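I opened this notebook to record, entry by entry, what I looked up in one model. Each entry takes up one topic and keeps to what I could look up there.

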Amino acid sequence: MTESGPLVLVVEDEQKIADIIRAYFEREGYRVVRAADGEEGVQNHYRLAPDLVILDVKLPKLDGFQALARMRAHSDTPIIMLTALGEDYERLAGLRIGADDYVVKPFNPAELVARSAAVLRRARSQSVPQRLRIGMIEIDCDAHLVSVSAGEGPRRLIETTITQFRLLEYLARASPRVVGRGALLDACLPEGEALERTVDSHLSKLRRKLEMAGAGDVLESVRGVGYRLSAR
C-alpha cells in the first residue's frame, strides 16, 4: 500500500463485506477508513474529507440516501452507492440525490475498485490544478510542493515528508478552523496505529521547516484542542 494513496471512506455495516472491500482497495494502493453506520459515515466524511466514498444503501441510524444527501450538502466528493440486486428505484434515487455511480450486490470487488478508479479519473479531469494559499504559504496539491514567499524575493521551496505534506494540506483546507489531533490522526495516518502525540512530532518538525523559511507563525498550536493554519 502506498502511504500517499487516495483516501476511501467505506460506509458499510456488514463487517465481512467491509473487510473484503478494504483488502481489495489496499492492494491497489488506496488508504481505507470504515464507518459502520450512516451517522458515523457523515461525521467521517466531514472530518476526514476523503477522496472517494463507498456508501451502502441499507444502513443503521441514517440510511444511505440520508447520508448521501448530507454529504452532498457540503461537498462534491465522488460517491459510489452499493444497492440491492434488482432494486432499480434505489439506483435512480441515489443518482437523483447526487451519487456518481452504483454497484449492485453481490458484486465483484475487483470491479468495484476499477469503477472507483474511473470515477476518480473523471472527477480529477473536471477539476483545475489545485493550489492552496494560506498567507505566505503556497501548496501545490498536484505536484506535492510547498513554498513560502519571503517578501519580494523568490519563493522558497520546503522539503516535506509525505505525512508532513498531508497534514499541512489538511490544515490548509480546514483553515481557519482548529483541527483536533484525533481528526488529523484519522485523516492523515489512518492506516497505522500511531498515537496522537505522533501528530505533534510531525507538526513540530514541519513548524521548524516553516520557521527557517520565514513562516513559522502560520502553524498555530491551540492548547488542549489541536492545530490551526492561519494567514499572517
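The entries below go through the ground rules, a helix, a sheet, charged pairs and some backbone angles.

**Entry 1: ground rules**

I note first that this is a predicted model, in which local features need pLDDT of at least 70 and side-chain atom pairs count only at pLDDT 80 or more, while totals for chains, interfaces and linings use all residues. Residues are numbered from 1 along each chain as its sequence is written, and side-chain values use heavy atoms, with hydrogens and water left out.

**Entry 2: helix H1**

H1 covers residues 15–27, and its 13 residues reach 18 Å from the first C-alpha to the last, close to the 18 Å expected at 1.5 Å a residue. The expected span is 1.5 Å times one less than the number of residues in the helix.

Which residues of H1 are buried? I found Ile17, Ala18, Ile21 and Phe25, where buried means under 20% relative accessible area, exposed over 50%, and partly exposed in between, with a 1.4 Å probe and protein chains only. Seen down the axis of H1, these buried residues fall within an arc of 95°, so they line one face of the helix; the arc is that of the directions from the helix axis to the C-beta atoms. The face turned away from the buried side carries the exposed residues Lys16 and Arg27. Just after H1, I noted that Gly29 takes a positive phi of about 95°.

**Entry 3: the sheet and the helix across it**

I then followed an open sheet of 4 strands, in the order S6-S7-S8-S9, with antiparallel pairing; two strands pair if DSSP finds at least two bridges between them. Why is one side of S6 and of S9 left without a neighbour in the sheet? Strand S6 (131–134) and strand S9 (156–158) stand at the edges and each has a single partner strand, so one side of each has no neighbour there. From one strand to the next, the twist averages 25°.

Looking at one pair, I saw that 3 bridges join S8 (residues 145–148) to S9, and that Ser147 has Leu157 in S9 as its bridge partner. Helix H6 (residues 162–174) lies across S6, S7 (137–140) and S8, and runs at about 110° to S7. Contact here means heavy atoms within 4.5 Å, and the angles run from 0 to 180 degrees between N-to-C directions, using axes fitted to C-alpha atoms, for helices over the stretch in contact.

**Entry 4: charged pairs**

Side chains of opposite charge can pair when their charged atoms come close. How many salt bridges does the structure hold? I recorded 13, a salt bridge being a side-chain nitrogen of Lys or Arg within 4 Å of a carboxyl oxygen of Asp or Glu.

- Arg115 pairs with Glu111 in a salt bridge whose closest N and O atoms are 3.0 Å apart, and both lie in H5 (residues 109–125), 4 residues apart. Arg115 is partly exposed at 26%, as is Glu111 at 36%.
- Arg173 and Glu169 meet at 3.0 Å, N to O, and both lie in H6, again 4 residues apart. Is each one buried, or partly exposed? Arg173 is partly exposed at 41%, whereas Glu169 is buried at 17%.

I also noted that salt bridges that share partners join Arg131, Arg133, Glu138 and Asp140 into one network.

**Entry 5: backbone angles in the loops**

Most residues other than glycine have a negative phi, and most peptide bonds are trans.

For positive phi in a residue other than glycine, I noted Ala49, near 50°, in the loop between helix H2 (38–48) and strand S3 (52–56). Lys61 has a positive phi near 70°, lies in the loop between S3 and helix H3 (64–74), and is exposed, with a relative accessible area of 63%.

Definitions and conventions
Helices (H or I, at least four residues) and strands (E, at least two) are DSSP runs, numbered from the N terminus.
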